[in-house]
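Good morning, and thank you for joining. I would like to walk through one structure, beginning with a single residue and then turning to the whole chain and several local features.

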Amino acid sequence: MKRRHLVGVVLCLMLLLLPGCGEKAKEPGEINIGVMRGPTGMGIVHLMEEDAYNIEVVGSPDDLIGKIINGEIDLAAVPPNLAAILYQRTEQNIELLAINTLGVLYILEDGEEINSITDLAGRTLYASGKGVIPEYVILYLLKAHGLEAGRDVILDFSTQHADLAATTAAGQHDLALLPQPHVTSVLMQNQDFRIALDITEEWKNVTGSELPMGVIIAQKEFIDNYESSLLTFLEKYEQSIQLVNENVAESAALIAKHDILPNPEVAAEAIPLCNIVYIDTEKGKPYLEELFSILYEFNPDSIGGKIPDDKFYYCP
């Protein structure tokens, strides 16, 4: 073998043995992102018009869990309690990048009697979201106002979001706790209903904190290997969120086009009430820690058994 050829072979073998050198670099089109229908998925919609990202829209958190654990998805928009659960289940191989949605919960009333949490005394509140954030938020607010669920207020969590919205719009209930965009759907179908309480404001009044309802997470391996691509995504993602809030009509059309909400009319009415934001972990960590501590108090399993430590929060 000629000496020059031998040197070339040795160099190739050395490159293959170096960490990461034999690995094909990820192109932007290979970044796999999972989002859910509804507010937590709405902020990304302007990136769905680009070819740089492979964005999958699913119907529920359960549709993402397996793919995140198996590493099929690099980034995902999920509820914060699920992010905490995944952090534990993946042995801390998930990091939280930013908050993308604040409070989306509202109490709707057919009437004019409910103007504060204390006005719920003696009433039945139909709600959806048992075992996750909506249940523990309303329990916490009732407790903070001296009310006990089951004694002072009856909470009926027997129905899921869409079904509760349908029966409420049909006039089967006069009081309902629902998230967006189901709130908008009810209000558009039945003009007898009004927003009686904004749960985001009620939460802030009691805790002095914002109420995170959606976050964006990433695989730690993806962050370690492709941080430059991640930072580019985050910059574009923040711009997309800004466009959603500023260009409502255009964004509503895209949201419907990509099946994140059922139609542009609902999307246009819902956007201003969905609290779509971009809050990095430096600012958002206290909001999340407040929420996690309250969820842990009611049910440790709701956040994976323990409050996430500092490694959970991505710091560029």
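Is C274 buried or exposed? C274 is buried, at a relative accessible area of 0%; buried here stands for under 20% relative accessible area, exposed for over 50%, and partly exposed for what lies in between, with a 1.4 Å probe and protein chains only. C315, by contrast, is exposed, because its relative accessibility is 65%. The structure has zero disulfides, a disulfide being a pair of cysteine sulfur atoms within 2.5 Å.

Some remarks on the source. The model is predicted, so local features need pLDDT of at least 70 and side-chain atom pairs count only at pLDDT 80 or more, while totals for chains, interfaces and linings use all residues. Residues are numbered from 1 along each chain as its sequence is written, and side-chain values use heavy atoms, with hydrogens and water left out.

Let me now describe the protein as a whole. Its C-alpha trace spans about 90 × 40 × 30 Å along the principal axes. The protein contains 13 helices and 11 strands; these are DSSP runs numbered from the N terminus, helices being H or I of at least four residues and strands E of at least two. Of the 316 residues, 50% are buried. Contact means heavy atoms within 4.5 Å, and among contacts between residues at least 6 apart in sequence, 75% join residues at least 24 apart.

T90 is buried, with a relative accessible area of 11%, and its side chain reaches the backbone oxygen of L86 at 2.7 Å. Q92 belongs to the loop between α4 and β4 and has a positive phi, near 65°, in a residue other than glycine. Q92 is partly exposed, at 29% relative accessible area.

D259 also deserves mention: its phi is positive, near 60°. D259 sits in the loop between α11 (248-257) and α12 (264-270) and is partly exposed, at 38%.

Which residues are joined by a cis peptide bond? The bond joins Q180 and P181, with omega about 5°. P181 lies in the loop between β8 (175-179) and α7.

Helix α7 covers residues 182-189 and includes V183. V183 is buried, with a relative accessible area of 0%. Setting aside residues up to four places away in sequence, V183 touches Y106, L108, L178 and I195.

Finally, consider strand β11 (residues 276-280), which holds I279. I279 is buried, at 11%. Beyond its neighbours within four places in sequence, I279 is in contact with A98, I99, L102, G284 and Y287. From I279 to P179, the C-alpha to C-alpha distance is 20 Å, across 100 residues of sequence.

Terms used. Polar contact = N/O pair within 3.5 Å; in protein donor to acceptor, adjacent residues only side chain to side chain.
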